[in-house]
Amino acid sequence: MARKHRIAHDYRLVPAAAAVWATAVAGLFLSWQAAVLTGLAAGAIGLAAWRRAWWTRTCAIALLISGPVAAAWVGSNVFRAETHPLRLAADEGRSTTVTAELTTRPKGIRAAGFGGHQSGVDHVVITATADGARLVLLAPADRWRNLLPGQQVTAKGTLAPPRGGDLTSALLRVRGPPIDPQPAPPWQRWADHLRDGLRDASAELDDEEAGLLPALVVGDTDHMVPRIVDEFRTAGLSHLLAVSGANLAIVCGAVYLLATRLRTGPRTAAAAAMTALVGFVVLAGPEPSVLRAAVMGAVTLLALVLGRRRSTLPSIAAAVIVLVLVDPALGGDPGFALSVVATSALVLVAPKWSRALKDRGVPNGLAEAIVVPTAASLATAPLVAGLSGQVSLVSIVANLVAGPVVAPATVLGVVAAAVAPLYRPAAELVVHVAGPAVTWLIQVGRQAATVPGASVSWPQGWLGAVALTGAVAAVVLLLRFRKTRTLVVAVLVGGFVVLVPMQVVAPAWPPDGWKVVACDVGQGDALVLATDEADRAVVVDTGPDPGAVDRCLKTLGIKRIPLLVLTHLHADHVQGLPAVLTGRAVGAVAVGPLKQPDWAWKEVNKQARSHGVRVVEPKAGERFAWPGLEVEVLGPRRPPTADDTNTTVNDYSLVLRAITRAGRVLLTGDVELAGQSALLGERDLKADVLKVPHHGSRYSLPAFLKAAQPRIALVSVGTGNRYGHPSEHVLDLLRAGGAVVLRTDKDGDLAVLPGNRIVRRRRRWSGSGSTTRATRSPAARPASRGRCGRRTTRRRHGRTTS
C-alpha cells in the first residue's frame with residue numbers, strides 16, 4: 001500500500017499578510033501615524049530576518065517589501081479620510097448638500113414598534129463616495145430603499161462624525177428623498193431584476209421560509225421574520241444569513257461537478273465554475289463583503305477542486321495582502337476576518353481531522369460532513385463571541401445537522417433567481433422543491449435555540465475575542481500532553497455537566513405553582529395567567545418582539561392558549577402575535593371595540609386567519625372560566641369613536657379582572673386618565689396584583705391607584721426606553737399605598753405565586769442570549785406605621801423587595 005504523505009503547507013507569505021493586516025488595523029482603530037509605525041516596524045523585522053537568515057529568503061523579502069508599502073498606502077488613506085473637508089464639517093455638525101455615488105445596496109435598520117407605529121425598517125444605511133471621500137448615508141427607507149449601487153444622487157442632510165474603524169469621513173443624516181437620481185448601470189438593474197424574481201417566487205412559501213431563502217442565497221434579509229434572525233444567532237447559524245465564501249464555493253462547486261459529469265475537461269469545468277462565480281457576484285451585488293467572499297471562495301474552490309492544497313495557504317495570504325491594500329477598510333471588517341479564519345481552518349485543520357476520522361473507520365463523506373462545520377465553527381468562535389457577546393454551546397451540533405441541506409437550498413435558490421425572469425411558474429416550482437430544505441434549517445435553528453443554556457454570555461469586543469482565543473488555544477495545547485489530557489477532559493465535562501445543564505436538572509424557572517407571569521419583552525406588555533393544567537394558560541398581549549414572547553412561553557411550557565387577549569392594537573402589544581400563534585393551540589383572539597390603527601387590525605386578522613383562529617370582541621361584563629382561573633371584562637363600557645390618536649386607543653384598552661389561585665389580578669392595558677376615570681365607577685377595583693397601566697406612565701390617576709390597593713404592582717417596561725417610563729411619581733404613589741413594585745427592565749420575568757410570593761428571573765441581555773438568575777421574595781404585607789410615622793414592612797424568610 002502506498003504511504004500517504006502529509007501535505008507540507010507553504011507559510012512564506014503568512015508574515016507579510018499578517019503585517020499588512022496589522023498595519024490596516026492600527027490605522028483604522030488608532031491613527032495614520034500608528035499605521036506608518038506598524039508597517040515600518042514590520043519592514044524592519046523583515047530586513048533583520050533577511051540579513052540574519054532567520055527565515056527563508058522569500059519570506060523575509062516579502063515582509064521587507066510589504067511592510068513599508070502597507071505603511072505608505074494605508075497611512076495615506078487614513079490621513080486622507082481624517083483630514084477631508086467633509087470630516088471637518090462633520091465635526092462641526094454642519095448641514096450640507098452632497099452629490100454622491102452609491103457603492104452598496106441600502107440595508108434596512110429595523111426599529112421596534114411602539115404605540116401606533118409599526119415595527120420594521122424605517123431607515124436604511126447606504127455607503128457612498130463624494131468628492132473622493134467615503135460617506136455613510138442614514139436615510140428614510142420610503143424613497144431610498146430601492147436605489148442601486150452605481151447610481152448618482154444628490155442628498156440634503158446634517159453631517160456627523162463616523163463611528164470609526166473604517167475609512168468613512170462622515171455620516172450624513174439625510175432629510176427627504178433622493179434628488180435627481182441617475183440611472184443605475186445596466187448590469188446592476190439586471191441583477192436587481194433577478195433578486196426581485198427570487199423574492200417574488202419565494203413568496204409562494206410561508207412567511208418564515210419566504211424570508212429565509214433570499215437571505216440564504218444572496219444575503220437579502222429585508223423580509224426575514226425577526227424571530228428567525230434571533231433563533232439563528234442563538235443557535236450559531238447566523239453566518240448562513242450573509243453572503244460568504246461558502247455560498248460561492250457551493251455554487252461554483254455545483255457548476256464544476258455538473259461540468260465534469262458532462263465529460264468536459266478540467267480546464268473547461270474550472271472556467272465554467274469561475275463564470276458562475278462572476279455571475280453570483282453580480283447577483284449578490286458587488287459590495288465589499290461580496291467581493292471579499294468571492295476572493296476567498298475562489299481560493300477555496302481552487303484548493304478543493306483543483307487539488308493543489310499545498311498552494312492554498314500562499315493563495316490565502318496573497319488574497320489578504322491584495323484585498324487589504326486595495327481596500328484598507330477590510331482590515332477592520334469582521335466579515336473579512338471571519339472569512340479568512342474559516343477558510344484557513346478548512347485548509348489547515350480540516351484535512352488532518354478528516355484523515356484521523358478516516359483512519360478510525362469513518363466513511364469519507366461522513367468524515368468531511370463532520371469535520372468541515374466543526375473546524376469552521378471552532379475557528380471562528382472567538383470572533384463570533386467578540387462580536388455578539390455570547391458563546392453558542394449548540395453551534396457545532398446545529399451546524400452539523402443543518403449542513404447537509406445548505407448546499408441544495410442555495411443551489412436551488414440560485415436556479416430560481418436565474419429562471420424567474422424567463423418563466424415565473426418554473427421558478428416557483430424550484431422554490432417549492434427548495435422549501436423542505438429551508439423548513440429544515442428553520443426547525444434546526446428553532447430547536448437549537450430552545451435548548452436551556454444554548455448560549456452563555458461572554459465579554460464583547462476585542463477583549464472577548466482574545467480571551468476566548470487564549471482559552472481555546474490553552475485547551476488544545478493541554479490536550480496534546482498525556483499528563484494534562486485527563487485533567488482537561490474532566491474539567492470540560494464537569495463544567496458542561498454542572499454549569500450548563502443545571503437549569504435542566506434543577507430548573508429555577510419557572511417556579512412551581514406560578515399563577516401570573518409578566519414576561520420581560522422590552523418596551524411592551526405580555527402577561528400569562530395560569531390555569532390548573534400545566535401547559536394551558538391565558539395570554540394577555542404579546543409585546544413588540546416575537547422572539548421575546550416566544551422564549552417566555554416556551555420556558556413556561558405553554559402549549560395551549562384558550563384565549564389570547566390583545567388589550568389594544570398598538571405595536572408594543574400585538575407584534576409578537578405571530579410567534580404566539582405558531583406551534584400552539586389557540587382558541588380565540590380577543591380584541592377591544594376600537595379597531596385602530598388600521599395596519600394593526602389588518603395584521604391581526606391576517607395572522608389569525610392564517611392560523612385558523614377566530615377573532616372575538618368580548619363585551620364589558622362578559623366572563624370566561626377555566627379550572628383555576630376566571631376572567632371578567634371590566635371595560636371599556638363606552639362605544640368606540642373614530643379617533644385613532646394614541647391616547648384614544650390607549651383609553652379603549654380592554655381591562656380585565658382575573659381571579660387566580662394567587663388572588664385577584666387587575667389587567668389594565670394602557671388606559672390613561674379618561675379610561676381610568678371611567679373605571680372608578682366599578683363597585684370594587686381592589687386587586688392583589690396590579691398590572692400598572694401604560695408601563696407606569698405619568699398619566700395615572702392617584703384615585704385609581706388608591707382604589708386598586710395592590711399588594712404587588714407589575715410594571716412591564718423596556719430598559720432605557722425613550723418615553724420616560726415608568727414615572728417615579730407613579731411608583732412613589734404605589735409604594736406609599738403598600739405595594740411592592742417590580743419592573744421587568746430591572747427584575748426580568750416576574751412570577752406571582754400563591755401567598756403573594758414573587759420569583760424574579762433576572763436577565764442580562766447580550767445579543768439574543770441572556771443569563772438568568774431566579775430569586776424568591778415574599779411580597780409586602782399591609783403597611784403598618786412605626787412610632788415615627790414611617791411605613792415599615794415586615795420580613796418573612798428570605799429577602800423582601802420593598
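This text walks through the protein chain as a whole, then a pair of helices, then one glutamine.

The model is predicted. Start with the whole chain. The secondary structure comes to 29 helices and 28 strands. The chain has 802 residues, and buried residues make up 49% of them. The accessible surface of the chain comes to about 37,000 Å². Carbon and sulfur atoms hold 60% of that surface.

Next, find two helices. H16 covers residues 395-419, and H17 covers residues 424-449. They pack at an angle of about 155°, and their axes are 8 Å apart. Angles over 145 degrees count as roughly antiparallel, so H16 and H17 are roughly antiparallel to each other. Their crossing is left-handed.

Which residues of H16 and H17 meet? On the H16 side, they include Ala398, Val405, Leu412 and Val419. On the H17 side, they include Ala426, Val433, Trp440 and Ala448. The residues of this contact divide into 22 nonpolar, no polar and no charged.

Finally, go to Gln607. This residue lies in helix H24, which spans residues 598-610. Is Gln607 buried or exposed? Its relative accessible area is 8%. Buried means under 20%, so Gln607 is buried. What does Gln607 touch, leaving out residues up to four places away in sequence? Its partners are Asp207, Leu577, Pro578 and Leu581.

Key:
Residues numbered from 1 in each chain as written. Predicted model: local features only at pLDDT ≥ 70, side-chain atom pairs only at ≥ 80, totals over all residues. Heavy atoms only, no water. Axes fitted to C-alpha atoms, helices over the stretch in contact; angles between N-to-C directions. Helix = DSSP H or I, 4+ residues; strand = E, 2+ residues; numbered from the N terminus. Parallel < 35°, antiparallel > 145°, perpendicular 65-115°, else oblique. Left-handed = near helix turned anticlockwise from the far one by under 90°. Contact = heavy atoms within 4.5 Å. Nonpolar A, V, L, I, M, F, W, Y, C, P; charged D, E, K, R; others polar. Buried < 20%, exposed > 50% of the residue type's maximum accessible area, 1.4 Å probe, protein only. Areas by Shrake-Rupley, 256 points an atom, 1.4 Å probe, with all protein chains shown as cover.
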